[in-house]
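Morning, everyone. Let me put the model up, and then I'll walk through it.

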Amino acid sequence: MLRLKVYGPTRPGLLCTVEVTAGTGRLSRTISVQLAARTIPPIRAGVQIARNGSDLSSRTALPIWLHWGDLRVKGHVDAGRGEEVPVKTPLAPVTGQSYAEMPRREDRWVEWQVGGDVFYAPSPTPHVPLNVYARRDPVPGLQEDRWDYETLKQYALRYGTYYARDREGLFYRNGNLQPGLGVSAEQAFESEAVGDHHGLVFVDTLDQRPPHRENLGLVVFEADYAEGLFVINANVQFKPKGAGKPVPALSPPPEGSTSLGARIPVQLTGIHLQGVLYAAGDLIFEGAPRVYGAIATGGNVIKAAENPQNLEVWYTYELRSGLVRGLPIVSMAPGTWHETF
């Protein structure tokens with residue numbers, strides 16, 4: 001390599017131009033290529049639920065425990081007993097411990113942002129947590145981080161894995177709906193070990209059109225451990241099998257800081273999903289799933305009947321910047337490769 005130049009792009013919206021001259025003996029060639037930045041949209045909350053919450057007569061306590069970030073819910077929320085809601089305090093230990101194991105549930109970063117009203121169950125010691133904010137809609141508004149259907153579909157076709165599916169629950173890579181080519185959801189999602197990352201996995205609706213109530217169907221997410229960015233355009237039944245995996249994690253930095261050195265390394269245990277689970281419809285879970293990453297739904301999060309456990313999530317701080325494994329940050333812009341001389 002004889003010379004390397006990096007300068008501004010000639011096409012608006014691209015990242016830069018890279019020009020390289022290489023040679024051997026008297027022979028040399030120069031090529032230039034323009035690069036584009038590619039990130040997923042940011043996810044600035046550990047759990048986001050676009051629930052309706054209008055039927056207050058049948059409401060049940062929100063079946064989610066969140067660590068290290070915000071929980072955002074459209075509509076109304078039943079919080080159960082106020083003293084059972086995790087308290088936000090800078091003195092909370094950062095250990096990776098489950099709320100079920102804590103004598104007092106507390107966290108340094110957790111906040112609840114609720115569009116409608118928050119209801120608390122009667123208690124001998126009534127308590128209203130200061131980190132629960134109700135009636136955020138319409139003012140100041142509850143910010144939702146939505147992943148656009150068509151954009152993520154094109155990302156998966158180019159950089160990840162795209163599946164069409166049939167009504168029997170089989171997945172077909174690249175939309176090739178041919179007999180004998182279908183795989184189960186477990187084959188598509190499960191990772192053999194920590195580090196076996198599937199990247200961006202996009203599961204389409206039944207008719208390969210933008211999601212609505214009639215084309216969602218049901219996808220069963222059943223795996224001991226899965227690692228990836230799973231965009232599932234369906235109602236999802238999340239029923240992990242097995243005990244999950246131990247996963248190394250980094251806490252967020254202290255509020256007001258972005259320093260990597262201020263983040264605390266933690267070993268999380270029993271993790272069933274590392275990454276993102278984005279369900280276009282409802283998310284119905286069984287057992288006690290644990291997630292290191294984020295959960296987002298276009299519907300509600302529902303605990304299966306007679307299930308005593310909660311879904312527990314530790315938020316991955318990098319998601320707020322769209323910087324995650326499974327999607328290239330920089331890619332070559334099509335049609336920009338040129339040999340100049």
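One term before anything else: buried means under 20% relative accessible area, exposed means over 50%, and partly exposed lies in between, with a 1.4 Å probe and protein chains only. This is a predicted model, so local features need pLDDT of at least 70, side-chain atom pairs count only at pLDDT 80 or more, and totals for chains, interfaces and linings use all residues. Residues are numbered from 1 along each chain as its sequence is written, and side-chain values use heavy atoms, with hydrogens and water left out.

Overall picture. The chain has 341 residues, and 49% of them count as buried. There are two helices and 27 strands. Those are DSSP runs numbered from the N terminus: helices are H or I with at least four residues, strands are E with at least two.

Now the salt bridges. The criterion is a side-chain nitrogen of Lys or Arg within 4 Å of a carboxyl oxygen of Asp or Glu. The whole structure has 16.

Take Lys-153 and Asp-204. Their side chains form a salt bridge at 2.9 Å, N to O. They sit 51 residues apart: Lys-153 in helix H1, Asp-204 in the loop between strand S15 (200-203) and strand S16 (218-221). Buried or exposed, Asp-204? Buried, because its relative accessibility is 0%. Lys-153 is also buried, at 11%.

Next, Arg-44 and Asp-145. The closest N and O atoms are 2.4 Å apart. Arg-44 is in the loop between strand S3 (27-37) and S4, and Asp-145 is in the loop between strand S12 (132-133) and helix H1 (149-159). Arg-44 is partly exposed at 33%. Asp-145 is buried at 5%. Both belong to a salt-bridge network that also includes Asp-70 and Arg-72.

That brings us to strand S6, residues 70-73. Asp-70 and Arg-72 point one way, Leu-71 and Val-73 the other, and all are buried. Which strands flank S6 in the pairing? Strands pair if DSSP finds at least two bridges between them. S4 (residues 47-49) joins S6 through three bridges, running parallel. Here Gln-48 stands opposite Arg-72. S10 (residues 111-114) joins S6 through four bridges, also parallel. Val-114 is the bridge partner of Val-73.

Glu-111 meets Lys-88 at 2.6 Å, N to O. Lys-88 lies in strand S8 (residues 87-88), 23 residues away. Glu-111 is buried at 15%, while Lys-88 is partly exposed at 26%.
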